[in-house]
Amino acid sequence: MPREYPIDRYRNIGIIAHIDAGKTTVTERFLFYTGISHKIGETHEGEAVMDWMSQEKERGITITSAATTCFWVPSGLEKKKENEYRINIIDTPGHIDFTAEVQRSMRVLDGAIVVFDGVAGVEPQSETVWRQADKYNVPRICFINKIDRTGASFEDSFQSIKEKLTSDVVAVQLPVGEEESFQGVIDLISMKFLKFEGKFGEVIEENEIPEEMKEKAENWRGEMLEKIVTEDEKLFEKYMEGQEIEKEEIRNALRKATLNYKAVPLFCGTALKNKGVQPVLDAICHYFPAPTDLPPVEGVHPKTGEEMVRNLNDDEPFSALAFKLANDPYVGSLTFMRVYSGKLSGGSYILNANNGKKERISRILRMHADKREELGEIYAGDIVAAVGLKETYTGHTLSDENDPIILEEISFPEPVVSIRVEPKTREDQEKMGIALRKLSEEDPTFRVYGDEETGETVISGMGELHLDIIIDRLKREFKVDAQVGQPQVAYKEAIRKEAEAEGKYVKQSGGRGQYGHVNLRIEPLKDSDKRLEFVDEIKGGVIPQEFIPAVEKGIEEVMDEGILAGCPIVNVKATLYDGSFHEVDSSKMAFKIAGSIGFKEAYKKADPVVLEPYMKVEVIIPAEFLGDVMGDISSRRGEVESSEETKGKITQKVIKAKVPLAEMFGYVTTLRSLTKGRGNYSMEFDSYREVPYNIAQEIMRGER
């Protein structure tokens, strides 16, 4: 079956933003104008197509990144199939608790639309998602939404993007009017005033620029041209000579600059009122890369570790990255994947290069939020969902059996909040085990483990909302009736200095005994993501090679359980430098126990401490509440780092602080009370820090 669309007309894009900036509303308009949905669903009415989980409809927020495909012919071209672009869209959440959804989506995107609230401009989570896009080198287009709202300001929002995110932002549109008087936009490339008429803004009228806006439009156009003509030598010459520059020449230069991260085109409008959305669809086609515009993807051979590359075309061996798992009520487990090279038919066998398992893809689906269309074959550039994969998880590479490759994996932050969950009946216990396994497979930032002392199940996640949604899903989707404890902080333990100790395990009980003997040195691991760095310095076979992994296993088990306060131990370098063995009595088990004894002894001498997660907190409030809110943050052991005023028509105070997570539970209620419901805040993980002595004692006594 031949490819339906040429690869140069594929666009794989995501929509990212701070919570409530209007990402899902923008996506709903994309689906309406491209004909995928025949009515406009509103987030605030719980009818958004992309927010298909019941929890999303109720809360009006996006939780899972939903994938969909639509088709668009840019304006000015005849509406026929050969002019159509295929746009794969991933709608991502804005709430920091679901940062993993944004991160894994970003890894597989070729371009991102960043949506901003025209009143608030750059908000805290806008900065977070922008940094994630920087990490994966994703070209961007900005859209200032809600220009019709009271207090909206295009120029203030433009300045906040320029100051806080990138100096490369370049306006390609200007609004005509703002707030209630917003009428449409001036396209600075064609120098036309675009009005969006008809019931749903589907009729675009081109008019002459209003007289009072002409000078302003000329000035902004001049700034735009200065920014992009340097990308093209001939264009630069024309510009310097004062010659007229054609629309197509400007578009080509802007595309080149966008792909080289030298420019970020900026658009504006109001998605809710159906004004300004179609030009963004045009911009996706004009300025975002096709898969073929990107450099080849890099990876390694699973056995040799040799570096490999795959060109993004159909003739290369097959390779795809699994970036998300989801449970579908109709077809079971879905594995969302981005195809980087080659092609594949439904029913084929494929290799999971990470674990060496052979998998059969029974069906391939093109997803439209919660609807699906079956495909016979997939090609390079596709984003699809596969049914039938049993051993494949987020970040795994699927590749050709005869030419395997492991693509760069996705790294996720560690969870920081835990709660205990207890099923009410034996039947609930069985259902809960299955449900929690499925949910942890879907979400790499959600963890489940059993507390050996109490026999209870403990679940961990990125925040209160994250765990709230998990519990909600347990009850609704999986019909599990469970009692839930209070949220608890994920404390950790670490050491402050170097120490050495001997670990010896000798047991004689008639017949064959047990003998293991090790000498360990432990020291803090600074500036590393590793939990444990194990170093083998054994020389001359004083401990046979076969027993050394058992020593590391013994250390790992102690680190999992903790010593000081029963919390996992992190950031340790452990060196095995000496020991001895017995020809008959030594075994892996004896050396594992010796390793754990030696580690415990060294740990006690290494000045151990308890660590707690600190959060970056940003609070936005009216100025009259500043004193009360800052006082409250200080009472929570918080450190206020700055207090700034927002620029714009509605001035507010922005407080930036670092606060221990343990002091932030229920903060939303306190903030509402202190600000008469007018304050809001965002919070994301910053780092682990030492716990003060008195609080460490409470943790060790089990009081926290």
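1. Helices here are DSSP runs of H or I with at least four residues, and strands are E runs of at least two, numbered from the N terminus. On that count the protein has 16 helices and 38 strands. Its radius of gyration (taken over C-alpha atoms) is 29 Å, close to the 27 Å from the globule rule for 704 residues, so the protein is as compact as a globular protein of that length. The rule itself is 2.2 Å times the number of residues to the power 0.38.

2. Before you read on: this is a predicted model, where local features need pLDDT of at least 70 and side-chain atom pairs count only at pLDDT 80 or more, while totals for chains, interfaces and linings use all residues. Residues are numbered from 1 along each chain as its sequence is written, and side-chain values use heavy atoms, with hydrogens and water left out.

3. On overall dimensions, the C-alpha atoms fill a box of roughly 100 × 65 × 55 Å along the principal axes. Of the 704 residues, 56% are buried, meaning under 20% relative accessible area, with exposed being over 50% and partly exposed in between (1.4 Å probe, protein chains only). The accessible surface is about 30,700 Å², and carbon and sulfur atoms hold 46% of that; the areas come from the Shrake-Rupley method with a 1.4 Å probe.

4. Now the contacts (heavy atoms within 4.5 Å). Among those with a separation of 6 or more, 72% are between residues 24 or more positions apart.

5. For charges, Lys and Arg count as positive, Asp and Glu as negative, and His and the chain ends are not counted. Each charge is placed at NZ of Lys, CZ of Arg, CG of Asp or CD of Glu. The 93 positive and 124 negative charges have mean positions 3 Å apart.

6. How many salt bridges are there? With a side-chain nitrogen of Lys or Arg within 4 Å of a carboxyl oxygen of Asp or Glu as the rule, the count comes to 45. One of them pairs Lys238 with Glu249 at 3.0 Å, N to O. Lys238 sits in helix H7 (residues 233–240) and Glu249 in helix H8 (residues 247–259), so this pair ties together parts eleven residues apart in sequence. Glu249 is partly exposed, at 25% relative accessibility.

7. Two further pairs link distant parts of the chain. Glu391 meets Lys357 with the closest N and O atoms 3.8 Å apart; Glu391 is in the loop between strands E22 and E23, Lys357 is in strand E18, and they are 34 residues apart. Glu391 is partly exposed at 32%, as is Lys357 at 39%. Asp481 is partly exposed at 36%.

8. There is also a network: Glu4, Lys81, Arg366 and Glu373 are joined by salt bridges that share partners.

9. Which residue is buried yet has no salt bridge? Have a look at Glu123, whose nearest side chain of opposite charge, Lys146, is 7.3 Å away. Glu123 lies in the loop between strand E4 and helix H4. Apart from neighbours within four places in sequence, Glu123 contacts His18 and Asp117.

10. Lastly, Glu500 in strand E31 (residues 499–507) is partly exposed at 38% relative accessibility. Beyond four places in sequence, Glu500 touches Leu520, Arg521, Tyr577, Ala602 and Lys605. Its C-alpha is 9.6 Å from that of Ala574, 74 residues away in sequence.
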